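This report describes the architecture of a protein model and the surroundings of its ligand. The sequence and the structure are shown first.

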Amino acid sequence: MSETFLSELTGSFSTPSGGNPTVAMVEAAYEHHKLNFRYINCEVKPKDLANAILGARAMNWAGFNLSIPHKVTVIQHLDGLGGGDTGADCLGTAIRQGAKTVTQLEILPRPTQERPSDQPWPTYPMIYRVSSAHEEAGERVYSVSTKEFVKDDLGNLVGVKLVETLLVDGKFQEVPNSEKQIPADLVLLALGFTGPEKSDLLTQLEVELDERGNIKRDHNYATSSEGVFVCGDAGRGQSLIVWAIAEGRSAASAVDRYLTGNTQLPYPIEPTARPMMV
Ligand SMILES: Cc1cc2nc3c(=O)[nH]c(=O)nc-3n(C[C@H](O)[C@H](O)[C@H](O)COP(=O)(O)OP(=O)(O)OC[C@H]3O[C@@H](n4cnc5c(N)ncnc54)[C@H](O)[C@@H]3O)c2cc1C
């Protein structure tokens with residue numbers, strides 16, 4: 001760990017916050033792994049949420065949880081987000097919570113209306129889908145790549161610079177002179193399949209990543225760092241809730257065996273288990 005007197009800040013914004021024990025658990029974990037992180041439990045009233053978020057940004061917090069009642073309220077502060085299918089969920093929620101404008105950015109070209117010939121039945125085809133959220137509002141922009149987040153003099157996000165892309169032989173090429181800027185107050189990354197965020201936490205835990213950018217684990221859900229286990233999306237890659245639940249149970253069993261040498265806990269799936277494919 002580097003010698004510094006500046007800690008990385010994380011924490012939780014909620015009200016009432018006094019009964020939330022997360023701080024004790026997370027700080028104990030930080031201390032155990034000798035991470036130079038602090039977790040601060042903050043009492044934030046709904047009327048102060050916007051300022052609390054600005055404050056956390058200004059102090060370069062590494063991240064924060066929003067607990068009751070802010071998990072939903074925070075969405076009013078969104079104006080832009082990126083993504084594909086999962087982004088549609090974000091879009092619908094953002095619209096319902098009163099976002100002013102929402103733009104979805106997609107690097108891939110717009111899919112065709114018809115099933116492509118290389119994706120025959122019964123595979124799940126990549127076609128242009130219009131969900132109920134898309135019918136309500138929002139704009140979808142295809143074949144664009146995000147180049148830069150633009151900030152004002154105070155460091156607040158004000159826009160996103162984009163460039164048009166062409167998919168040539170499976171590789172993205174930028175279209176010359178196609179740069180443009182759209183306004184944005186907040187950007188949500190719904191990119192998918194890019195692995196867990198490569199934060200200082202992962203660096204300091206010294207866990208190895210696999211070739212897809214997910215946290216590498218062995219058949220016991222153990223990472224390359226002694227005593228650190230991984231389950232769910234962080235190890236498997238973006239997936240589904242049923243997989244995360246099954247992996248969580250298996251990992252709990254593996255941890256119990258690691259700590260006590262034995263376990264009675266069920267081990268429903270191996271980390272390598274995959275859905276049935278055609
Ligand atoms: C918008 C969206 C819609 C989805 N819809 C569906 C669906 O309809 N059906 C379905 O089956 N799946 C869906 N999924 C996928 C599903 O949500 C995930 O596969 C599942 O939640 C993975 O569970 P997990 O426990 O591995 O990770 P997560 O649920 O992501 O939990 C990880 C937790 O770790 C916390 N965390 C991260 N870093 C730190 C840190 N440093 N300190 C403390 N805490 C930290 C995060 O805040 C988060 O709470 C959707 C995903 C998204 C994003």
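How is the shell around the ligand made up by class of residue: nonpolar, polar and charged? In this predicted model, the shell has seven nonpolar, four polar and two charged residues.

**Ligand surroundings**

The ligand is surrounded by 13 residues, and the closest are Gly232, Asp233, Leu240, Ile241 and Ala244. Helix H4 (85–96), helix H7 (233–236) and helix H8 (241–260) are the elements that give two or more residues to this shell. The largest share, three residues, is that of H4. In terms of domains, domain 2 (75–189) and domain 3 (200–260) each supply at least three residues to the shell around the ligand.

**Domain organisation**

The protein is divided into three domains, with the bounds listed below.

| Domain | Residues |
|---|---|
| Domain 1 | 8–69 |
| Domain 2 | 75–189 |
| Domain 3 | 200–260 |

Between the C-alpha centres of domain 1 and domain 3 there is a distance of 24 Å. Four residues from domain 1 and four residues from domain 3 take part in the contact between these two domains. On the side of domain 1 that touches domain 3, two residues are nonpolar, one is polar and one is charged.

An open sheet is formed by three strands in the order S2-S1-S3, with parallel pairing. Strand S2 (37–43) and strand S3 (63–66) each have a single partner strand and stand at the edges, so one side of each has no neighbour in the sheet. Direction ignored, neighbouring strands of this sheet are turned against each other by 20° on average.

Strand S1 (residues 8–14) runs parallel to S2 and is joined to it by seven bridges. Within this pair of strands, Glu8 stands opposite Phe37 in S2. Helix H1 (residues 22–32) packs on the sheet, where it touches S1 and S2, and the direction of H1 makes about 170° with that of S2.

Why does H1 lie largely in the open? Among the eleven residues of H1, the number buried is one, so the helix lies largely in the open. Just after H1, Lys34 takes a positive phi of about 55°.

How values were computed: Residues are numbered from 1 along each chain as its sequence is written. This is a predicted model: local features need pLDDT of at least 70, side-chain atom pairs count only at pLDDT 80 or more; totals for chains, interfaces and linings use all residues. A residue is near a molecule or strand if its C-beta atom, placed from the backbone, lies within 6 Å of it. Helices (H or I, at least four residues) and strands (E, at least two) are DSSP runs, numbered from the N terminus. Ala, Val, Leu, Ile, Met, Phe, Trp, Tyr, Cys and Pro count as nonpolar, Asp, Glu, Lys and Arg as charged, and the others, Gly among them, as polar. Domain bounds come from an automatic or database domain assignment. Two strands pair if DSSP finds at least two bridges between them. Axes are lines fitted to C-alpha atoms, for helices over the stretch in contact, and angles run from 0 to 180 degrees between N-to-C directions. Two residues are in contact if their C-beta atoms, placed from the backbone, lie within 7 Å. A residue is buried if 20 or more other C-beta atoms lie within 10 Å of its own, exposed if 12 or fewer, and partly exposed in between; C-beta atoms are placed from the backbone.
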